[in-house]
Amino acid sequence: MLRCDFLVIGSGVAGLTFAIKVARLLPHSNVVIVTKAGESESNTKYAQGGIAVVLDSYGDSFDRHIEDTLRAGDGLCDPDIVRMVVTEGPDRLNELIEWGTDFDEKSSGNFDLGREGGHTRRRILHHKDITGLEIERKLLSQAGTLPNITLSTHHFAIDLITQHHLGKEEGHTGAPVNCYGAYVLDSQTGKIETYVSKITLIATGGAGQVYQSTTNPLIATGDGIAMAYRAKARIEHMEFIQFHPTALYQHPQSSPSFLISEAVRGFGALLRTRSGELFMRNYDERGELASRDIVSRAIDSELKKSGDEYVYLDCRHLDLNAFRDHFPNIFNKCSELGIGLSGDMIPVVPAAHYLCGGIVTDRDGQTTIENLFSCGESARTGLHGGNRLASNSLLEAVVFAHRCYKKSCEMVEGITFPEGIPEWNEEGTTQPDELILITHNRKELQAMMSNYVGIIRSGERLDRAANRLKIMYEETEALYKRTKISPQLMELRNLISVAYLIVQQSLKRKHNVGVFFKV
Ligand SMILES: Cc1cc2nc3c(=O)[nH]c(=O)nc-3n(C[C@H](O)[C@H](O)[C@H](O)COP(=O)(O)OP(=O)(O)OC[C@H]3O[C@@H](n4cnc5c(N)ncnc54)[C@H](O)[C@@H]3O)c2cc1C
C-alpha cells in the first residue's frame with residue numbers, strides 16, 4: 001500500500017500543471033502521478049492549433065472572447081465560468097511561458113496569433129503546428145526538477161477507492177461519497193497496487209476512442225469518467241461530442257486519424273467537393289471559418305448527397321513557403337503521402353475529436369465526490385456548454401488545474417488517511433485465454449458508435465445502439481468477473497460505460513443544440 005498526499009491520474013497538460021503547482025507550494029508533500037502509457041502519451045501531445053488567450057495589447061478584449069465562447073456553447077455554457085476562464089487565461093499563459101514554453105513570434109517580436117473557426121479575433125498562441133508537444137515537453141521537464149513528484153508510467157488506474165471498499169454506506173443513502181485514492185495496475189508486473197491519497201485528481205482526458213474514426217490517440221478511452229461514474233459521481237453533457245471537420249482521409253483507415261488543424265482554414269484553405277465545388281457558403285455566411293459543428297455537418301451532408309468518402313481541403317492558392325513555415329508537421333505528413341500541396345488537394349473527413357461533457361465539477365474543480373477533483377478534458381466545468389470553441393481546451397485545462405491546486409492545498413492539511421482499506425481482491429480470476437475477444441469487442445463497439453451515434457443521430461439509431469450495448473456490457477462484465485485485470489479489458493469496460501452515457505444522455509436530449517443534432 002502506497003500513501004501520498006496527492007494522487008494525480010494522468011500526465012497531460014491538466015495533470016502535470018496541477019502536480020507542478022502543488023509540489024512547489026508544498027515541498028514536503030508527496031505528489032504521485034500515475035499514467036497508463038509513456039510519460040508524454042496524451043491528447044495534449046497532439047494538440048496542433050494552440051491555446052486561445054486574450055492579449056489586450058493586440059486589439060482583443062475579454063468580452064469578445066467571452067462572446068465567442070458563449071456563441072459556440074449555444075446557450076449551455078455557464079457564463080460565470082466562461083468569464084472566469086477567459087479572464088484568468090493571461091496569468092496561466094505567463095506561467096507556461098515562465099516554465100519555458102516557446103510560442104511563435106513575428107519578426108516584430110509580437111506573438112504570431114492564429115485564428116480558428118468561431119473566433120472573431122486572432123488570439124491563438126501556438127508553437128508551429130505542434131503546440132501541445134511543446135507544452136507537454138516543457139511541463140514534463142518542470143515536473144522532473146521537483147523531487148517530491150514521482151511519475152509512474154505504465155500504471156493504469158482501475159478504480160477509485162471509496163467507502164464502498166470499506167464496507168460503509170455511501171451515495172444513494174444520502175451520505176456523501178468519499179474518495180481515498182485508487183487501485184492501480186502496474187502493467188509491466190501485472191500487480192495491482194493500492195494508492196491511498198488525501199486528494200485525488202482525475203486528469204485522464206477524453207474518450208475519442210469510443211469511435212472508429214477519431215483524432216484522439218489510443219489512450220483516450222474515457223477511463224477517468226468511467227471510474228467516476230462507477231463511484232457515483234455526477235456525469236453530464238456526454239451527448240456533446242465534437243467532431244473535427246478535417247481529419248486526413250486515409251485508406252485503409254488508421255487510428256488515430258491525422259488532424260489537419262483548423263488553423264489551416266484560418267490561413268485561407270477552402271473546402272471543395274470531390275467535383276471541385278465550394279460549398280461552405282451554402283451553409284454559413286462565415287464560410288470555412290464557421291464553427292466546427294457547422295462545418296462537420298456541412299461535410300457530412302455533402303458526403304451523404306454525393307456518396308463520396310471524403311471532401312477536399314484546397315491549399316493550392318496559398319503561399320506554400322509560408323504554409324510550410326506555419327504547418328511543418330502537416331506539410332511533411334502530406335508530402336510523405338505524395339500529396340503535393342501546389343497541385344493536389346488534401347482529402348479530409350470529420351472524425352471524433354473532443355468530449356465537451358464529463359465529470360461535473362464546481363468552479364474549483366471539485367467533483368460531487370469528496371476529496372476528488374477533475375480538470376482537463378475529463379471534466380465538465382461549464383465552459384464549453386453544447387460545443388467547445390477551438391483552442392479553449394488547453395486554456396480550460398491550465399485554468400482549472402490552477403483552481404484545483406488552490407482549493408486542494410487549502411484542504412489537504414485537514415484530511416487524514418482512513419484506516420482499513422483493503423487490497424484489491426483477485427480471488428477466483430484466471431488469465432484470459434482469448435484476449436482477441438477483447439480486441440474484437442472494442443472494434444465492434446467503435447463501429448457501432450460511428451454508425452449509430454455519429455454526427456447526426458436519430459431516436460431509432462440510438463435505440464439500436466442501446467440494445468447492442470446491453471449485450472456488449474453483459475459479455476464484458478462476465479469476462480471481467482472471471483478474468484485477471486488487464487489494460488485491454490479495463491479499457492473495453494470503460495469504453496462501454498462511456499458509450500452508455502453518450503447514448504443515454506443523447507436519448508434524453510430533446511432539442512438540437514450545440515454539436516448535438518438528432519433528426
Ligand atoms: C489531434 C488533436 C489536436 C488538438 N488540438 C488542440 C488545440 O490546438 N488546442 C486546444 O486547446 N485543444 C486541442 N486539442 C484538445 C486538447 O489537446 C485536449 O483537450 C487536452 O490536451 C486534454 O488534456 P488533459 O490533460 O485533460 O488530457 P490528456 O492530455 O489526454 O492526458 C490524459 C492523461 O491521462 C492518462 N490516462 C488516461 N487514462 C488513465 C488511466 N486509467 N490510468 C492512468 N493514466 C491514465 C493518459 O495516459 C494521459 O497521460 C486537440 C486534441 C487532439 C487529439
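The following dialogue explains how to read several features of this predicted model.

Me: On what basis are residue numbers and local features given?
Reply: Numbering starts from 1 along each chain as its sequence is written. Because this is a predicted model, local features need pLDDT of at least 70 and side-chain atom pairs count only at pLDDT 80 or more, while totals for chains, interfaces and linings use all residues.

Me: Into which domains is the protein divided?
Reply: Domain bounds come from an automatic or database domain assignment. Here they give domain 1 (2-239 + 356-412), domain 2 (244-351) and domain 3 (435-508). The centres of domain 2 and domain 3, taken over C-alpha atoms, are separated by 30 Å.

Me: How many residues surround the ligand, and which are the closest?
Reply: A residue is near a molecule or strand if its C-beta atom, placed from the backbone, lies within 6 Å of it. In this model 44 residues surround the ligand, the closest being Gly10, Gly12, Gly49, Gly205 and Gly376. Helices (H or I, at least four residues) and strands (E, at least two) are DSSP runs, numbered from the N terminus. Two or more residues of the shell come from each of α1 (13-25), α4 (131-144), β6 (155-162), α5 (223-230) and α10 (392-412). The most, four residues, come from α10.

Me: How does the shell around the ligand divide by class?
Reply: Ala, Val, Leu, Ile, Met, Phe, Trp, Tyr, Cys and Pro count as nonpolar, Asp, Glu, Lys and Arg as charged, and the others, Gly among them, as polar. On that basis the shell has 23 polar, 17 nonpolar and four charged residues.

Me: Which residues have the most contacts inside the largest nonpolar core?
Reply: In soluble globular proteins, nonpolar side chains tend to be buried together. A residue is buried if 20 or more other C-beta atoms, placed from the backbone, lie within 10 Å of its own, exposed if 12 or fewer, and partly exposed in between. A nonpolar core joins buried Ala, Val, Leu, Ile, Met, Phe, Trp, Tyr and Cys residues through C-beta atoms within 7 Å. The largest core here has 143 residues, and Val8, Phe18 and Ala19 have the most contacts inside it. Helix α13 (residues 487-508) supplies the largest share of this core, ten residues. Contact between two residues requires their C-beta atoms, placed from the backbone, to lie within 7 Å. Apart from neighbours within four places in sequence, Ala19 is in contact with Val8, Val31, Ile33, Ala143 and Ile149.

Me: What do the span and the buried residues of α4 show?
Reply: The expected span of a helix is 1.5 Å times one less than its number of residues. With 14 residues, α4 reaches 20 Å from its first C-alpha to its last, close to the 20 Å expected. Its buried residues include Ile135, Leu139 and Ala143. The buried residues of α4 pack against α1, β3 (51-52), α3 (79-98), β5 (149-152) and α10.

Me: Where is the cis peptide bond at Pro256 placed?
Reply: The bond from Ser255 to Pro256 is cis, with omega near 0°. Pro256 belongs to the loop between β10 (241-248) and α6 (262-266).

Me: Is Cys356 buried or exposed?
Reply: Cys356 counts as buried because it has 28 C-beta neighbours inside 10 Å. Cys356 is found in the loop between β13 (346-355) and β14 (358-360). Beyond residues up to four places away in sequence, Cys356 touches several others, including His237, Phe240 and Val515.
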